[in-house]
Amino acid sequence: MKSWTLIFTLLFTTIAIPQSPDTDVYMFDFNYSNGKLELSNFKNISDNEGYDNQPYFLDDTFLLFSSNRGGQNDIAKYYIPYGSKVWVNFTPGSEYSPIKIPNQNAVSAIRLEQDGTQKLYKYSLSTTDSEILIDDIVIGYQLWYDENTLVSAVLEDNGLSLYVTDLITKKHRRLDTNIGRSLQKIPNSNEVSYISKKNSNKREIKSINIASGRQNTITTTLKDSEDFIWLNRNTLLMGKGPKLYTISTRNNSDWKEINDLKRFGIDNISRLAINDNINKLVVVGESNGAIVANPEDDKNSTPEIGNQEIEKSGVAAIIERHLRGYVNKDINAFMATFSDDVKIYDYPNKITSDGATAVKETYTNFFRRIKNLNAEVLKRMVLGNKIVDHERVTIDGNAIYAIAIYEVNNGKITRVTYIQ
């Protein structure tokens, strides 16, 4: 009994917030080598109603992003190891684009005041104190070059202009006009990259030396895409629709598609962020409605799974196929993962369905009655041939939280115990 108590304690440390119909922040474990991208451990980390966007890795442990809270946006600080979230600030205005200030225990963010004014503020990470940093230009997006130098995209002339600000003298210098929102340091260099929109036929990613103002064109963007990040000194990553693309800046190659996030339920990618260790990728996008649980082993169909495939993909893949059948209300795919003698229990030992025939009858009727069905795995533990999931199921807009304990033998689910 002590072991199960420990499992439940670990599972319920995840903080869950209702899903957003708009943009959400998604995190993946990330591996890029030899031109191939592997994504795993998918999770919607904002999982919130409204606008959640503009992620920034504080370090390899914490992620900052702008998150909707009661109709306004504040700075959320997400603890990656445990999947928990706290609020950095408590102000009447809305905060956007939080970024760490170098060598300070503080972040800067754009605050949209209730009267419509927009200013750059500094927020302490140890207290809730805040103070104005810049209010004589209207900054839309920002990048710290060093602790005294800010590069920003400033709103002027119905567009954005590239500025650099000396925080000691409080003087601003315009470097370029008609730019995009994405500002990124180029790895292993003293230059900054941004998107130029001066050419009406194509958008160009440029580099600029902040001291001299010298510019160079690196490459063109994907058509109509605004956001990019660097994977290394010579490789750029961009998103368009549900897809991710890379390009090498060492040659004149074209953008290459390397991953499609549609299988993760993600569409219309609008922001990207990556940590310093290049092993965590954060994507901002919209849900396409095809919510699945960690579908990195997704297949176009749901085949029978024998012992050989278990050894290859693991019991987790079987549960993921099971959940995909469930959220798609596909009774055949759903039942394909059960053994003929499967038993469904309410914890601890109350049988609710005995055998595949009884299960199929129950869920066939259930799928017919329900219009909208959704499921998400909030936390998962794998214990040999058992999977323990903390799940949130949304049935026609009503959320139900449960622990599901799956037991798999010979490639089939033989027992499921639910704790609501």
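The exercises below work through a predicted model of one protein chain.

**Exercise 1. Chain overview and confidence**

Solution. 
Step 1. Take the contacts between residues at least 6 apart in sequence: 43% of them join residues at least 24 apart.
Step 2. Mean pLDDT for the chain is 86, with 89% of the residues at 70 or more.
Step 3. Where pLDDT is low, predicted coordinates should not be read in detail.

**Exercise 2. Salt bridges**

Task: Find which residue forms a salt bridge with Asp47, and decide whether Asp47 is buried or exposed.

Solution. 
Step 1. Side chains of opposite charge can pair when their charged atoms come close. The cut-off is 4 Å between a side-chain nitrogen of Lys or Arg and a carboxyl oxygen of Asp or Glu. By this rule there are 16 salt bridges.
Step 2. The partner of Asp47 is Arg392, with 1.9 Å between the closest N and O atoms. This pair links distant parts of the chain: Asp47 lies in the loop between strand E2 (36-44) and strand E3 (53-57), while Arg392 lies in strand E28 (residues 386-395), 345 residues apart.
Step 3. Buried means a relative accessible area under 20%. Asp47 has 4% and is therefore buried. Arg392 also has 4%, so Arg392 is buried.
Step 4. Salt bridges link Asp47, Glu376 and Arg392 in a network.

**Exercise 3. Two further pairs**

Solution. 
Step 1. Arg69, at 23% relative accessibility, is partly exposed, whereas Asp74, at 1%, is buried.
Step 2. Arg111 is buried at 7%, and Glu113 is buried at 16%.

**Exercise 4. The largest pocket**

Task: Describe the volume of the largest pocket and say which element gives the most residues to its lining.

Solution. 
Step 1. The largest pocket contains about 950 Å³ of space.
Step 2. It is lined by 33 residues, of which Tyr56, Leu143, Leu183, Gln184 and Ile274 are the closest to its centre.
Step 3. Elements that give two or more residues to this lining are E3, strand E7 (94-100), strand E11 (139-146), strand E15 (179-185), strand E19 (228-232) and strand E23 (266-274).
Step 4. E15 gives the most, with 5 residues.
Step 5. Sorted by class, the lining has 19 nonpolar, 7 polar and 7 charged residues.

**Exercise 5. Backbone exceptions**

Task: Locate the cis peptide bond from Tyr347 and the loops that hold Asn158 and Ile278.

Solution. 
Step 1. Most residues other than glycine have a negative phi, and most peptide bonds are trans.
Step 2. The bond from Tyr347 to Pro348 is cis, with omega near 5 degrees. Pro348 sits in the loop between strand E25 (338-346) and strand E26 (350-354).
Step 3. Asn158 is not a glycine, yet its phi is positive, about 60 degrees. Asn158 lies in the loop between strand E12 (149-156) and strand E13 (159-166), and at 89% relative accessibility Asn158 is exposed.
Step 4. Ile278 has a positive phi of about 55 degrees and is not a glycine either. Its loop runs between E23 and strand E24 (280-287). At 32% relative accessibility, Ile278 is partly exposed.

**Exercise 6. The surroundings of Ile400**

Task: Name the strand that holds Ile400 and the residues that Ile400 touches.

Solution. 
Step 1. Ile400 belongs to strand E29 (residues 398-409), and at 32% relative accessibility Ile400 is partly exposed.
Step 2. Leaving out residues up to four places away in sequence, Ile400 touches Glu391, Arg392, Val393, Ile395 and Gln420.
Step 3. Ala375 is 25 residues from Ile400 in sequence, with 9.4 Å between their C-alpha atoms.

Technical notes: Residues are numbered from 1 along each chain as its sequence is written. This is a predicted model: local features need pLDDT of at least 70, side-chain atom pairs count only at pLDDT 80 or more; totals for chains, interfaces and linings use all residues. Side-chain values use heavy atoms; hydrogens and water are left out. Helices (H or I, at least four residues) and strands (E, at least two) are DSSP runs, numbered from the N terminus. Buried means under 20% relative accessible area, exposed over 50%, partly exposed in between (1.4 Å probe, protein chains only). On a 1 Å grid over the protein atoms alone, a cavity is a set of points where a 1.4 Å probe fits but cannot get out, and a pocket is an open set with protein on both sides within 12 Å along at least five of seven lines; lining residues have an atom within 4 Å of a point. Grid points are joined across faces, edges and corners, and a volume is the space filled by probe spheres set on the points. Ala, Val, Leu, Ile, Met, Phe, Trp, Tyr, Cys and Pro count as nonpolar, Asp, Glu, Lys and Arg as charged, and the others, Gly among them, as polar. pLDDT is the predictor's confidence in each residue, from 0 to 100. Contact means heavy atoms within 4.5 Å.
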